[in-house]
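Subject: Handing over the model, with notes on what was found

Dear colleague,

I am passing the structure on to you below, together with the notes that go with it. Please keep it open while you read them.

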Amino acid sequence: MNTHIRSCLAALVALGSTASLGYSQAIKVDPKLPEYKAVSGVSGNLNSVGSDTLNNLMTLWAEGFKAVYPNVNIQIEGKGTSTAPPALIAGTSQLGPMSREMKSKEIDDFEKKFGYKPTAIKVAIDALAVYVNKDNPIKQMTMAQVDGVFSSTRKLGGEAINTWGQLGLTGEWAGKAISLYGRNSASGTYGFFKDNALGGGDFRAEVKEQPGSSAVVQGVTSDLAGIGYSGIGYRTSGVRAVPLIGKDGKPYETTPENCASGKYPLARFLYVYINKAPNKPADKLTAEFIKFVQSKQGQEIVVKDGYFPMPAAFAAKEIKLVE
């Protein structure tokens with residue numbers, strides 16, 4: 001796992017979160033985060049195009065920001081991470097939420113248009129979960145098993161896994177065929193899972209690609225034999241996040257502690273990309289929105305939506321990027 005993510009999550013754990021509670025009750029935002037205070041001269045239109053994973057967060061942030069600035073209008077479209085770079089390049093959006101970092105070609109395309117690179121703002125932390133139906137008794141999975149379930153190429157060295165019996169389930173479960181749910185290729189979640197859970201390999205053709213993160217969870221909820229991957233912020237009572245085996249051979253749940261230690265293998269930053277010329281501040285409306293996101297109020301929204309908030313020291317670094 002990226003050492004920056006680990007150090008960021010370690011700071012979060014130091015705040016005293018409790019793994020045994022639900023995230024929204026357990027995680028507390030860093031008390032050193034600044035309170036957002038309104039400034040004069042903020043009005044106009046903001047357009048956000050990009051990640052479905054961030055769609056709820058962007059909507060909640062927009063509502064909070066508009067409560068401070070009633071004259072601001074924010075339009076949000078969340079059809080997938082890969083839609084963010086083209087919209088920024090075309091100038092049809094000022095905010096490009098992405099659940100992965102931009103690819104080199106996306107950065108190159110942006111730079112060809114503007115002569116400089118886009119600015120990446122880290123806004124929250126996500127643990128990508130492997131979900132099964134709440135009534136599925138599976139206790140844990142290795143990463144090779146995850147690869148064997150979802151991948152046609154099995155680059156992590158495991159066998160092809162087609163039934164729940166191959167994952168150790170017995171009785172009526174043993175012969176059940178595994179039903180696969182995932183995201184479409186426009187999704188940053190798709191790309192992150194492909195790179196980190198499949199070793200860069202290919203998905204099976206049998207994966208039922210869904211247009212959104214919540215649709216993956218809904219599919220698994222209604223399918224007893226289902227399994228899918230989605231952000232931890234989309235977890236519901238109808239599914240269960242499977243503990244994944246770490247490098248030490250022990251199973252780890254999607255808790256901040258396990259992500260901070262690097263023992264849970266699928267932690268990631270969530271981003272909002274913006275167009276900002278070097279050595280110049282971002283436009284006032286965009287800058288104030290980012291400052292709101294990195295404030296106490298903004299990060300409380302992160303917790304409310306089920307993700308992990310940014311520690312104050314890291315949020316301060318992101319704010320400097322727009323100044």
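The model is a predicted one, in which local features need pLDDT of at least 70 and side-chain atom pairs count only at pLDDT 80 or more, whereas totals for chains, interfaces and linings use all residues. Residues are numbered from 1 along each chain as its sequence is written, and side-chain values use heavy atoms, with hydrogens and water left out.

**Aromatic rings**

The structure holds 17 aromatic pairs, where rings of Phe, Tyr and Trp (its six-membered ring) pair if their centres lie within 6.5 Å, and where planes under 30 degrees apart count as stacked, over 60 as edge-to-face and the rest as tilted. Tyr36 counts as buried because its relative accessibility is 11%, and Tyr69 counts as buried because its value is 4%, with buried meaning under 20% relative accessible area, exposed over 50%, and partly exposed in between (1.4 Å probe, protein chains only).

Another pair is that of Tyr271 and Tyr273, which is tilted because the ring centres are 5.9 Å apart and the planes stand at 40°. Both partners are buried, Tyr271 at 7% relative accessibility and Tyr273 at 4%. Ring pairs also link Tyr36, Phe65, Tyr69, Phe289 and Phe292 into a cluster.

Charges over rings were found as well, a charge being taken to sit over a ring if NZ of Lys or CZ of Arg is within 6 Å of the ring centre and within 35 degrees of the ring normal. The charged end of Arg268 sits over the ring of Phe192, 5.5 Å from its centre, and Lys317 lies over the face of Phe314, at 5.5 Å from the ring centre.

Leaving aside neighbours within four places in sequence, Lys284 is in contact with Val39, Ser40, Gly41 and Val42.

In helix α11 (residues 296-304), the buried residues include Gly298, Ile301 and Val302. Helices α3 and α11 pack at an angle of about 145° with their axes 10 Å apart, where axes are lines fitted to C-alpha atoms, for helices over the stretch in contact, and angles run from 0 to 180 degrees between N-to-C directions. Leu57, Leu60 and Trp61 of α3 make this contact with Gly298, Ile301 and Val302 of α11. α11 is followed by Gly306, whose phi is positive, near 95°.

**Backbone and loop residues**

Most residues other than glycine have a negative phi. Arg154, although not a glycine, has a positive phi of about 50°; Arg154 lies in the loop between α6 (143-150) and β5 (179-183) and is partly exposed, with a relative accessible area of 30%. Asn279, also not a glycine, has a positive phi of about 65° and lies in the loop between β11 and α10, where Asn279 counts as exposed at 83% relative accessibility.

Asp202 has its place in the loop between α7 (188-196) and β6 (208-210) and is partly exposed, with a relative accessible area of 39%. Not counting residues up to four places away in sequence, Asp202 touches Phe150, Ser151, Ser152, Thr153 and Lys194.

Technical notes
Helix = DSSP H or I, 4+ residues; strand = E, 2+ residues; numbered from the N terminus. Contact = heavy atoms within 4.5 Å.
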